[in-house]
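Please have the sequence and the structure at hand while reading.

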Amino acid sequence: MGFRLRQIDYTADGRRIARDREVAGDTLAIGRAGENDLHLPDLAVEPWHATLTAAGRRITVRAVGDRGFALDGRQVTEAVIDADAGAELRFGSTPVTISREADGMVLVEIEGAAQVRPDPADDKAGFALAAVMPGKRPLAWALFALILAVFLVLPIASHLTLAQDGTRVRAANATGHVIGDKAWNPGALSLAHHMLSNRCEACHVKPFQPVSSETCVACHRDVHDHAPAGRLAEARAPAGLGARVLQGVGHAFGHEGPGACIDCHVEHQGMKAMEAPRQQFCADCHAGLKDRLADTKLGDAADFGTLHPEFRASVVTNAETRQRSLVSLADHPHEDSGLTFSHRAHLDRMGGVARMAIDLGEARGLGHALDCADCHQRSPDGVGFRPIDMERDCEACHSLVFARVGGTFLKLRHGDVAQMEAQLSNMATPVTPLDDTRGRPGDFGASYANGGLYHARFTPGGAVARAMAPDGICGECHKPEMRGGKLAVRPVTQTARYLPDGWFDHEAHRQTRCAECHAAANSASASDVLLPRLAECRSCHLGEAASKPKIPSTCVMCHSYHTSRLAPALAVNIRRRQG
Amino acid sequence: MATRSAAPVGRANRPGAHESFLRHRRFRWLKIGLVLALLALAGFLFIPAAPGPYGGTWFGYTLGTIGALIIAWLALLGIRKRAMTRGRWSLKAWTSAHVWLGLALIVIATLHTGLRLGLNLATLAWTLMMLVILSGVYGISVYAALPASLSRGEGEQTQPEMVEGLRAIDRQLGDAAQPLPGTEAERVREAMAQSPFAAGLRRRLSGHAPDCATLAALAGLEGSQADPAALARVRSLLGRRRALLEKMRRQMQLRALLEVWLYVHIPLTVALIAALAAHIVSVFYYG
């Protein structure tokens with residue numbers, strides 16, 4: 001009976017070396033201290049760690065101290081093993097194999113270096129950060145794949161599957177929409193298009209194609225062309241070298257070239273009203289239009305401050321035919337409205353009209369010298385003014401009462417010459433003619449009227465002739481004439497809008513006094529066209545690059561590219577939108 | 001930043017002396033980068049753009065194209081650096097161009113955005129680019145400032161020497177601790193078992209080791225009843241081990257500071273290329 005201790009080592013070339021040593025007796029002391037039968041120079045082993053007691057096949061292993069040992073991987077402090085079956089024990093970090101030899105000796109095998117010690121430092125590679133960091137490449141490729149998948153593959157795949165059916169893409173009530181293209185949005189859409197924010201494919205119909213004008217017109221059906229395409233092409237200034245290069249590049253990418261909707265209207269510039277096209281877009285053609293379109297009636301224009309023709313007003317040149325023509329304000333136009341009227345007489349603060357208005361007093365809505373608003377009423381939209389209405393705007397002073405019958409008055413009907421003739425010719429005796437004096441209805445006899453301001457001269461017999469005389473009740477405003485053998489007055493035409501193509505808006509100018517633009521106070525004739533000239537507008541408005549206190553005024557402030565004649569209505573719409 | 005930080009690295013006035021890649025050919029690439037950036041700025045300020053500056057004007061496209069080409073070329077350094085050559089297109093010239101053109105990119109690409117940033121792919125690309133450039137700027141700074149301290153002041157001991165020194169100390173410790181009783185021996189064993197290279201990124205960057213087992217072992221041996229001669233020997237060895245570990249940690253800290261930016265610079269460069277490709281394709285896809 002005894003123990004055979006076998007130390008197994010390996011040489012550098014892998015050769016196995018076994019050294020045997022025998023210990024007599026039936027107990028074996030195991031520990032780090034040199035005095036032990038089995039000396040394990042392992043710091044994890046107690047100096048006196050355990051004892052092995054052999055009794056035939058039965059071997060009892062008992063730890064000396066608290067620190068146990070492992071039996072087949074299980075931590076114990078005491079164990080009984082069958083030597084024939086064998087077992088692996090582990091003391092500290094040293095494995096010890098127990099078995100029984102044929103001669104009855106208990107074989108205790110210790111494998112590995114005599115001194116088992118953790119090796120903390122393999123080589124200097126540990127100094128590098130790479131020793132503890134995940135590789136750069138896996139991270140890089142993961143990010144690469146993720147970004148391409150989310151931001152490129154997904155939207156394109158989604159768009160391609162959806163674009164199979166073009167109508168579905170464009171239909172306003174389309175259900176499906178492209179997934180993942182939101183990240184492609186370079187900036188918020190304008191207010192007008194904002195509802196399309198999540199439906200990029202509504203405008204971006206074909207891959208690798210800029211938004212086509214056809215797509216815009218699909219919704220904007222009522223937009224008119226500025227001019228026929230051929231004429232536009234003729235009018236456009238030949239592009240410079242740089243612009244030609246850019247156009248070439250644009251065409252290569254499917255851009256429709258000059259005149260496309262997106263040339264002027266640039267989207268994705270933020271959630272606000274779409275910015276007005278710059279004046280350069282207009283100046284491209286209009287700066288030298290006369291050189292390219294010989295037959296044009298338009299003067300060259302490029303910048304309101306520096307190159308703009310004088311305004312041309314639409315004035316009535318013949319009251320009989322009501323014919324209008326556009327006359328430059330530079331040519332001192334005269335309007336044949338059919339009326340006789342002096343603004344000066346009405347606005348003169350020292351004149352008789354002012355006196356009369358003051359005498360009428362505040363109770364009657366006056367009490368002050370007349371000003372513009374006493375006769376001219378703003379149109380409901382604020383853009384312009386309502387036409388003058390004799391009964392509403394003039395008759396308060398210019399009474400048509402011609403006689404008194406008992407307690408009431410007889411009054412001519414405005415606008416009916418035949419009726420006037422009939423009434424005045426047939427004045428009967430009981431009628432009391434209002435000789436020489438005339439006043440506001442109901443004010444007859446008041447002191448101001450006795451001053452003889454008006455002389456209607458309704459004396460019987462010559463009443464009609466007197467009424468039609470230049471200072472008569474009709475003739476002071478109207479021009480009598482014979483038409484078809486009958487007495488008539490010249491047709492009257494009022495001009496609601498002198499600049500029919502312009503977007504001039506009185507509302508925008510309400511802080512300005514009328515007289516600053518309209519020289520009415522010095523106008524003694526109805527034929528005067530009381531419009532401010534270009535130079536007067538320029539006292540506030542200059543071109544696009546104007547700096548304060550001047551107002552930068554691009555073409556689109558007053559002009560419309562797509563529409564005409566609707567300008568005033570549009571001005572209201574735009575004002576409403578800007579709110 | 002550039003000239004100042006480059007100063008200690010390059011002493012180019014002596015013929016044959018080392019010339020920093022930053023100062024390469026009297027700052028040739030700094031000048032080229034500056035000219036590019038100034039041209040971009042002048043164009044941004046003086047070329048009228050309607051309805052305001054953004055990437056879609058012709059000048060915006062030009063800046064974007066230049067920026068994308070520069071990014072692609074800069075990224076090629078990762079391939080180019082593996083082949084060292086001399087002369088006009090030497091690796092040093094490439095690196096110099098890489099740095100200065102990369103810095104010019106801050107101006108070019110930012111102006112390309114028209115200063116409009118949002119929650120979109122284009123801004124992702126811009127952000128990635130800025131992170132890459134900033135990490136690169138950090139990289140240049142540490143390259144300029146740290147290698148000197150990496151090579152000197154550690155007792156003229158190289159890194160392999162330190163590793164070998166640690167092994168020698170541990171061999172002696174293993175022997176010296178044999179007479180110690182269980183608890184003390186365990187502490188010594190734990191100290192030896194702890195690899196200095198196990199420290200993670202944060203530990204390495206900070207240079208701190210709050211759970212240093214060697215330090216714990218030194219403390220644990222205080223008041224031990226073990227054989228005083230063995231104890232003194234173990235304590236002395238542990239002291240040397242601790243000093244060596246501190247040196248090694250300092251080396252690891254310097255290496256970490258020198259290398260950490262590449263873990264941002266390189267993966268984000270690859271991510272940037274993906275974002276840029278997606279940005280360019282998307283711009284033309286939705287033309």
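## Charges over rings

In this predicted model, the charged end of Arg538(A) sits over the ring of Phe304(A), at 5.9 Å from the ring centre. A contact of this kind also involves both chains, for the charged end of Lys136(A) is placed over the ring of Tyr263(B), 4.7 Å from its centre.

## A pair between the chains

Over all chains, the structure holds 14 aromatic pairs. One of them joins Phe127(A) and Phe197(B), and because the ring centres are 5.0 Å apart while the planes stand at 70 degrees, this pair is edge-to-face. The pair crosses between chains: Phe127(A) belongs to the loop between β12 (106-111) and α1 (136-162) of chain A, and Phe197(B) to the loop between α9 (182-193) and α10 (201-206) of chain B. Both Phe127(A) and Phe197(B) are buried.

## A pair within chain B

Phe27(B) and Trp100(B) form another edge-to-face aromatic pair, with 6.4 Å from centre to centre and 70 degrees between the planes. Since Phe27(B) lies in helix α2 (residues 24-46) of chain B and Trp100(B) in helix α5 (residues 91-112) of chain B, the pair ties together parts that are 73 residues apart in sequence. Both of these residues, Phe27(B) and Trp100(B), are buried.

## An aromatic cluster

Aromatic residues of the two chains also come together in one cluster, which is formed by Trp184(A) and Phe208(A) with Tyr285(B) and Tyr286(B).

Definitions and conventions
Residues numbered from 1 in each chain as written. Chains lettered and ligands numbered in written order. Predicted model: local features only at pLDDT ≥ 70, side-chain atom pairs only at ≥ 80, totals over all residues. Heavy atoms only, no water. Phe/Tyr/Trp six-rings, centres within 6.5 Å; stacked < 30°, edge-to-face > 60°. Helix = DSSP H or I, 4+ residues; strand = E, 2+ residues; numbered from the N terminus. Buried < 20%, exposed > 50% of the residue type's maximum accessible area, 1.4 Å probe, protein only. Lys NZ or Arg CZ within 6 Å of the ring centre and 35° of its normal.
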